[in-house]
Amino acid sequence: MASHSDTLVVFFGATAGANGGKLGSDEREIILLVWQIVDLHEKKVGKLQRRLVKPDSLELTDQSKEETGLSVDELYKAEPLDKVLQQFQQSVSAELKALGRSSYTLCVDGPLIIRQALHPEASKKNLVLPECFYSFVDVRKEFHKCCPNAGQVQDLTLPSILEYVCIPELPLSEQVMGLKEVRCMVQLSLHILAEPYNHKFSCFEAVKYKLESGACSKTEPVDSETVIRARGLPWQSSDQDISRFFKGLNIAKGGVALCLNAQGRRNGEALVQFINQEHRDLALERHKHHMGSRYIEVYKATGEEFLKIAGGTSNEVAQFLSKENQVIIRMRGLPFTASPQDVLTFLGADSPVTDASDGLLFVKYPDGRPTGDAFVLFSCEEYALNALKKHKQILGKRYIELFRSTAAEVQQVLNRYMSTPLISTLPSSMVPMPVLATPPYLATGSTRDCVRLRGLPYTAAIEDILEFMGEHTIDIKPHGVHMVLNQQGRPSGDAFIQMRSADRAFMVAQKCHKKMMKDRYVEVFQCSTEEMSFVLMGGTLNRSGLSPPPCKLPCLAPPAYAAFPSPAMLSEAALYQPPLLATPRTPQPPHSPHPTPTLAYYPPQHHPAQLYMNMNMNYTAYYPSPPVSPSTMSYFASPPGSVALAAQQPHAQGHVASPMMPQHGALVRMQGLPYNAGVKDILSFFQGYQYSPEDYSSMVQMSQGQTRSLIQPKEWLCL
């Protein structure tokens with residue numbers, strides 16, 4: 001507007017529910033609007049206008065009926081809100097024209113009618129409010145500037161203010177709700193405009209038109225009195241949806257932080273930072289208000305919680321988010337080989353990316369491997385909507401998911417992937433790898449808190465399983481997804497998922513059984529951890545009951561990448577990782593003159609479940625985790641289903657030797673041998689290296705088309 005100094009439009013509203021200090025707290029619709037014009041130059045007033053508003057739900061609380069004096073029959077004959085707002089504009093424009101004025105500003109008794117009633121209701125009904133409703137003055141704050149000794153603004157009321165300035169009360173015949181409040185505000189405005197105050201209205205409050213995006217640094221201070229936590233959001237809700245839920249309240253720049261679960265998906269919570277405590281307190285009044293069909297819980301939060309989610313330290317992210325007023329889209333499921341040009345081509349000419357490839361941010365693991373996620377900047381909403389139309393279209397051989405995103409989500413995703421590396425740094429001095437303690441994730445038990453998925457597509461990855469489970473992913477235990485591979489290391493079509501409780505497992509089995517994944521339906525059964533362990537060992541679980549597993553162990557995916565610390569020496573058999581895991585081994589310097597125990601490999605003789613439970617399946621926090629293969633000569637992996645047993649030779653003192661690598665040599669593995677290769681061929685291959693028959697143990701294993709040889713030479717230089 002050109003100016004705020006011409007006229008005031010004193011404005012009042014009431015709802016079908018709570019009014020006064022609780023106006024708008026119960027989501028009830030507006031049923032009454034009253035207004036009157038005040039000419040600030042001539043000190044004149046216009047005609048008092050009163051309009052009833054027909055709500056969508058013709059229900060009035062008893063309190064509202066008593067305060068407003070209105071009935072359902074009266075409201076039934078009224079016009080809806082959009083029609084009444086048109087009448088408001090036409091009436092005010094006509095009076096301004098008659099007065100020769102060009103602009104006006106709304107004047108209200110507290111911000112509730114604008115911030116808590118009018119804007120939220122217009123947002124829910126998709127109404128476009130006139131520009132005048134985005135700026136207003138509060139008569140209480142204006143009076144407080146004239147009379148600061150009258151008390152705190154939040155303690156002031158119209159009756160107390162009128163009493164303070166000695167303005168007499170209206171007669172009882174005029175004390176009709178709406179008319180009374182507007183007349184009192186008009187009298188107060190004229191009083192402070194005159195001598196001795198000569199006040200000028202200047203405390204203009206604004207309502208933001210839209211949410212401003214921006215980056216947040218972990219070093220920025222965030223006032224804990226400005227932050228709330230919203231809980232119960234639909235999983236597909238974006239920052240714009242949250243902004244619409246809090247319409248009328250001003251959210252700080254980049255002040256919406258969507259929270260992600262362990263799988264990197266939104267968990268239905270968000271942290272929101274407002275510009276000040278007043279707006280935060282008004283936001284708390286929207287506790288259990290509705291977003292669509294769901295009610296949203298609103299609680300206080302702290303600045304530390306907000307920074308933990310939204311704060312970032314990456315210069316790359318800060319540079320990416322430095323472009324203001326950009327719409328951010330998240331792409332998920334990209335091929336690992338996708339280049340920036342591939343993404344730009346996929347999005348097409350109708351959704352140009354801001355600054356071309358500079359508007360793309362690929363999310364990567366600490367070692368530089370792509371995660372399949374990327375963020376894209378668009379300069380306007382139209383381009384972003386065109387991009388969202390390509391949701392689940394194919395790029396390469398994969399379908400791509402596109403979602404609205406936020407600056408806080410960019411920070412959170414980057415923090416999640418970069419702060420905890422998937423591949424731990426290997427220790428500088430390699431040590432033997434005896435078995436570690438039993439992991440807590442697979443403790444056997446009869447509680448039926450697991451589900452088995454059978455009939456998965458062979459191309460299904462863990463992301464597909466998480467998408468298949470939908471909202472139930474939040475109930476998965478950490479590291480609780482186990483895909484079963486066959487002896488060839490390929491998907492078997494089965495998977496096991498550990499849930500947080502038996503009730504959650506039962507719910508998943510009921511809701512997801514025979515649900516479609518790609519072009520196949522998947523069977524979902526509730527089972528126990530003990531049954532899961534037996535099947536993962538290679539047993540069968542069917543209608544006939546549980547069949548014990550064979551001696552060979554199937555591989556699980558994904559295995560851990562991490563190099564393990566050296567535990568205390570073990571006196572029993574040491575069990576090594578299956579072939580999908582490359583474990584570091586290195587020769588150790590001699591510490592004892594006694595002969596070193598020789599390692600021999602035998603098929604496992606332990607009970608299958610017990611043996612499986614001794615395996616160290618250290619799942620990473622982010623999955624799926626593809627297997628790795630040995631890349632240097634210091635890596636070694638045992639054959640599948642083999643147990644490394646140390647020949648326990650007594651020392652002179654009577655002690656038993658601990659299972660360790662031989663101190664004058666090391667084991668190496670050979671893969672890809674010819675099928676007709678024998679022991680002589682292997683020894684011939686290592687001709688020129690020092691070993692003797694008593695210093696090595698050799699085994700050639702033929703299994704599923706692979707030939708392996710385990711041999712212990714005296715020198716490690718052969719590979």
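Visitor: Which residue stands opposite Gln 393 in E19?

Guide: Gln 393 stands opposite Ile 400. The model is predicted: local features need pLDDT of at least 70, side-chain atom pairs count only at pLDDT 80 or more, and totals for chains, interfaces and linings use all residues. Residues are numbered from 1 along each chain as its sequence is written, and side-chain values use heavy atoms, leaving out hydrogens and water.

Visitor: What makes E18 and E19 a pair?

Guide: Two strands pair if DSSP finds at least two bridges between them. Three bridges join E18 to strand E19 (residues 398-404), and the two run antiparallel. Strands (E, at least two residues) and helices (H or I, at least four) are DSSP runs, numbered from the N terminus.

Visitor: Why is E18 called an edge strand?

Guide: The open sheet has five strands in the order E16-E17-E15-E19-E18, with antiparallel pairing. Strand E16 (360-364) and strand E18 (393-395) are its edge strands, as each pairs on one side only.

Visitor: Why is His 119 called buried?

Guide: Buried means under 20% relative accessible area, exposed over 50%, and partly exposed in between (1.4 Å probe, protein chains only). His 119 has 2% relative accessibility and therefore counts as buried. This residue lies in helix H4 (residues 112-124). Leaving aside neighbours within four places in sequence, His 119 is in contact (heavy atoms within 4.5 Å) with residues including Leu 129, Phe 133 and Lys 247.

Visitor: What makes Ser 243 buried or exposed?

Guide: Ser 243, in helix H8 (residues 239-245), has a relative accessible area of 14%, so Ser 243 is buried.
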